[in-house]
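My entries follow in the order I made them.

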Amino acid sequence: MNETINWLHLTDIHFGLDDQSWLWPKIKHDLFKDIEILGKEVGGWDLVFFTGDFTQQAKEAEFDGLNRELEELWNIFSKYGKSPVLCAVPGNHDLVRPDNADSIAKTLTQLWWSDLDLRRQFWKDNDGEYVTAIKKYFAHYTNWISKLPFPKIDMQAGILPGDFSGIFLKGKTKLGIIGLNSTFLQIVDGNFKGKLDMHVAQLNSVCNGDPYQWLKEQTASVLLTHQPPSYLATQGSEHFRREIYPPGRFIAQLCGHQHEPETSETREAGASPRRLRQGPSFFGLETWGDNINPVRRTHGYNAGQFVFEESDGIEKLWPRSSLVGRHGALKICP
């Protein structure tokens, strides 16, 4: 018998974005209504993957307000007799950014790739000053995720805030879910494309020290990050491809950050494919970038279904985006 897991992928809601807050009620109505209609068609949702930037400035009041909005969404879910489980990682707006005089922030952002000893100390000493500082920056997010008023995946925490593993059980299917903090170096303002890092130590810490064995015990697994692989530095990208996401390890990597949707599948040298599922911004600025060449955001989300058969699994994907109709108003559509 086939086993199906229905899921939503949301990202970049930026709750608390004052400059555009007047746009939220209409966008929310359209998005929630579309999620409700699609949920009715597929029989409800099992999982909600959320890949960061829940808030704009990680203020406690923003997280409190976000809870009220998400509770409304979970009330819609309950109409179909299911209350899906949230699986989340933080984004670069889900931390309280240190001030310009913060010496640790300066060291991490300016010297990371030029100081091998710094990187070794960071990953070796999980109670050291650098990791402790990262935990402090993300404290509001960590407190929020620990007290959610709706279901979340049972998480095994890792080295950094947001690192986790979890298992979703449905029938005989065990879906492994790995979340890794890809934004721990993007802790100040600026363009960090091609500068970030992720390390296999993060994966090891959430998989009982043996990710190969942990992942082998699951029917399949997915990887959640905030930034896409293009935001990793060259050295970090090579490490990611070799140690974290070698071919065939995950069904797909789900991420956000870029505000626009992208779906890709890359197969190299006959190996199993690496799949990237980048979601559009659920809500945020109408445009982003500089004033000369602004880029228009696409509001929306991704929905999908994993279908597990006896010998293999398949993925169905339903991207949803906001478009301006011929009538001149925004609408959410495939």
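**Entry: strand β13.** I began with β13, residues 300–308. Nine of its nine residues are buried, so the strand is largely enclosed by the rest of the structure. Buried here means under 20% relative accessible area, exposed means over 50%, and partly exposed lies in between (1.4 Å probe, protein chains only). Helices (H or I, at least four residues) and strands (E, at least two) are DSSP runs, numbered from the N terminus.

I then checked both faces of β13. On one side sit G300, N302, G304, F306 and F308, all buried.

**Entry: ground rules.** I noted that this is a predicted model, where local features need pLDDT of at least 70 and side-chain atom pairs count only at pLDDT 80 or more, while totals for chains, interfaces and linings use all residues. Residues are numbered from 1 along each chain as its sequence is written, and side-chain values use heavy atoms, with hydrogens and water left out.

**Entry: the partner of β13.** Which way do β1 and β13 pair? I found the antiparallel sense, over seven bridges, with β1 spanning residues 3–10. Two strands count as paired if DSSP finds at least two bridges between them. L8 stands opposite A303 in β13.

**Entry: the open sheet.** Next I traced a sheet of seven strands. It is open, and its order is β4-β5-β6-β7-β8-β10-β9, with mixed pairing. β4 (156–157) and β9 (262–266) stand at the edges with a single partner strand each, so one side of each has no neighbour in the sheet.

L223 stands opposite Q253 in β8.

**Entry: Q253.** Is Q253 buried or exposed? It counts as buried, at 2% relative accessibility. I listed its contacts (heavy atoms within 4.5 Å), leaving aside neighbours within four places in sequence. Q253 touches L223, T225, Q227, P229, F240, Y245, R275, L276 and R277.

**Entry: helix α5.** I moved to α5, residues 129–137. Its buried residues are Y130, V131, A133, I134 and Y137. They cover an arc of only 155° around the axis, which puts them on the same side of α5. The arc is that of the directions from the helix axis to the C-beta atoms. What do the buried residues of α5 pack against? I found α3 (103–111), α4 (116–124) and α6 (139–146).

**Entry: L232.** I found L232 in the loop between β7 and α9 (234–244). L232 counts as buried, at 8% relative accessibility. Leaving aside neighbours within four places in sequence, L232 is in contact with G194, K195, L196, D197, M198, S237 and F240. L232 and S182 are 50 residues apart in sequence and 8.7 Å apart in space, C-alpha to C-alpha.

**Entry: two positive phi values.** Most residues other than glycine have a negative phi. D12 has a positive phi of about 55° and is not a glycine. D12 sits in the loop between β1 and α1 (24–42). D12 is buried, with a relative accessible area of 0%.

H257 has a positive phi of about 75°, and is not a glycine either. H257 lies in the loop between β8 and β9. H257 counts as buried, at 8% relative accessibility.
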